[in-house]
Amino acid sequence: MARAPLVESKNLNMSKKLSSKLAERLLLQGELRMELRLRRKAEGQLTVLKLGGSVITEKDKPMTAKLEVMERLAKEIVDADAAPLVIVHGGGSFGHTIAKKYNIKEGFNEPSQIGGFSKTHQAMLELNRLVVDALIRNNIAAFPISPSSCITTKLGRIEVFYDGATKRLLDTGFVPVLFGDTVLDSNLGFTILSGDQIVAALAIKLGAGRVIFGVDVDGLYTADPKHDSSAQVIPRITLRELRALLHNIGGARVDDVTGGMLGKVSELIPAVEAGVQAIVISATKEGNVYKALKKEKVSGTLIEKE
Ligand code: IPE
């Protein structure tokens, strides 16, 4: 009668020993993985991926998400296994529609805008939840970060950016997901901060090697493809050429496809100047985001310092 517990406790001891060995091995593997990840990061291998609002939402239908596109993109991202990675998404028909209605970008001018400021942020949180849901469903350790909680601006330009949480999340192995957002502004009261400006700031602050700018056109064009059938995608452009293009087109056409795109892409200039390579690709075309993350050949526009 006395033996049974002895055998049991022997087994228990053995299994304890086994499980502690296993735990040790797993811990070692984990540490190795962490070390590898940190090493990759140290080599400037961080990628910042922008998913444009017109890629993930129906631009002309307020508050309408393209769920199947989000799902496809999440699959491409997990298949590419491109850690360390930060994702920033745009507002599309979630943020832009409400922001426009209440003139949020122009700043705080009248009390009726206050509700609009909250509603715009809330719409962005809704869109962010859909993006993060799709990523998590596909086994990506995505973690949302609200830019309005860690960034303030001065006349629309980033003035303070507390990036501690983003850095810590990256070091732990997460994929932080930020977005264009409503932010507090030291001159305007509040305003809208585009995901594009966040992309460049993050790329500089975190020492990224590359920015992948996923939009709904094939890259930068020689002319507006909507009005000029001879317009062609520019495969590679230097900063000097980009500035000349911006100068030629001027501010007047900043709302059309080429100008609008150029205006958004011009936000990347400081990052490219700091040595980050940027590539503008169509994220609406299946496989492009995967290829770009894998550094495979993909059609689009490569922006380089020189
Ligand atoms: C806009 O962010 C955010 C809001 C309107 C709140 P972006 O300017 O990056 O969005 P897209 O990519 O153009 O839609």
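This is a predicted model: local features need pLDDT of at least 70, side-chain atom pairs count only at pLDDT 80 or more; totals for chains, interfaces and linings use all residues.
Q: How many helices and strands does the protein chain have, and what makes a run a helix or a strand?
A: The protein chain has 12 helices and 12 strands. They are DSSP runs numbered from the N terminus, where a helix is H or I over at least four residues and a strand is E over at least two.

Q: What share of the contacts in the protein chain joins residues at least 24 apart?
A: Among contacts (heavy atoms within 4.5 Å) between residues at least 6 apart in sequence, 75% join residues at least 24 apart.

Q: What makes Q197 count as buried?
A: Q197 has a relative accessibility of 8%, and therefore counts as buried. The residue lies in helix α8. Leaving out residues up to four places away in sequence, Q197 touches G156, R157, I158 and E267.

Q: Which backbone atoms lie within polar-contact distance of the side chain of Q197, and what makes such a pair a polar contact?
A: A polar side-chain atom of Q197 lies 3.0 Å from the backbone oxygen of G156, and one lies 2.8 Å from the backbone nitrogen of I158. A polar contact is a pair of N or O atoms within 3.5 Å; within protein, one must be able to donate a hydrogen and the other to accept it, and residues adjacent in sequence count only if both atoms are side-chain atoms.

Q: Which residues touch the most other members of the largest nonpolar core, and why is such a set called a nonpolar core?
A: The largest nonpolar core has 44 residues, of which L178, L202, V211, L220, L242, V265 and I303 touch the most other members. The name applies because the members are buried Ala, Val, Leu, Ile, Met, Phe, Trp, Tyr and Cys residues, joined through side-chain atoms within 4.5 Å. Elements giving two or more residues to this core include β2 (85–89), α7 (164–172), α9 (239–249) and β11 (277–282), and α8 gives the most, with 6 residues. Another core, of 42 residues, lies apart from this one and has A74, A123, M124 and I281 among its members.

Q: Which residues are in contact with I303, its neighbours within four places in sequence aside?
A: I303 is in contact with I237, L239, L242, V265, V272, Q277, A278 and V280.

Q: Which residues come nearest to the ligand, and what makes a residue count as near?
A: Of the 17 residues around the ligand, G53, G91, G92, G195 and K264 come nearest; a residue counts as near if one of its heavy atoms lies within 4 Å. Oxygen atoms of the ligand lie 2.9 Å from a backbone N or O atom of G91, 2.7 Å from a backbone N or O atom of G195, and 2.7 Å from a polar side-chain atom of K264. The protein covers 96% of the 400 Å² of accessible area that the ligand has on its own (Shrake-Rupley method, 1.4 Å probe; for residues, only the protein chains shown count as cover).

Q: Which element gives the largest share of the shell around the ligand, and which of its residues are buried?
A: α4 gives the largest share, 3 residues. Its buried residues are G92, S93, F94, G95, I98 and A99, and these pack against α2 (53–56), α5 and β8 (189–193). Just after α4, N103 takes a positive phi of about 50 degrees.

Q: What makes D81 and L155 count as exposed?
A: D81 has 55% relative accessibility and therefore counts as exposed; L155 is likewise exposed, with a relative accessible area of 55%. D81 has a positive phi of about 45 degrees although it is not a glycine, and lies in the loop between α3 and β2. L155, in the loop between β4 (151–154) and β5 (157–161), has a positive phi near 50 degrees.

Q: Where is there a cis peptide bond?
A: A cis peptide bond joins A83 and P84, with omega about -5 degrees. P84 lies in the loop between α3 (67–80) and β2.

Terms used: Residues are numbered from 1 along each chain as its sequence is written. Side-chain values use heavy atoms; hydrogens and water are left out. Buried means under 20% relative accessible area, exposed over 50%, partly exposed in between (1.4 Å probe, protein chains only).
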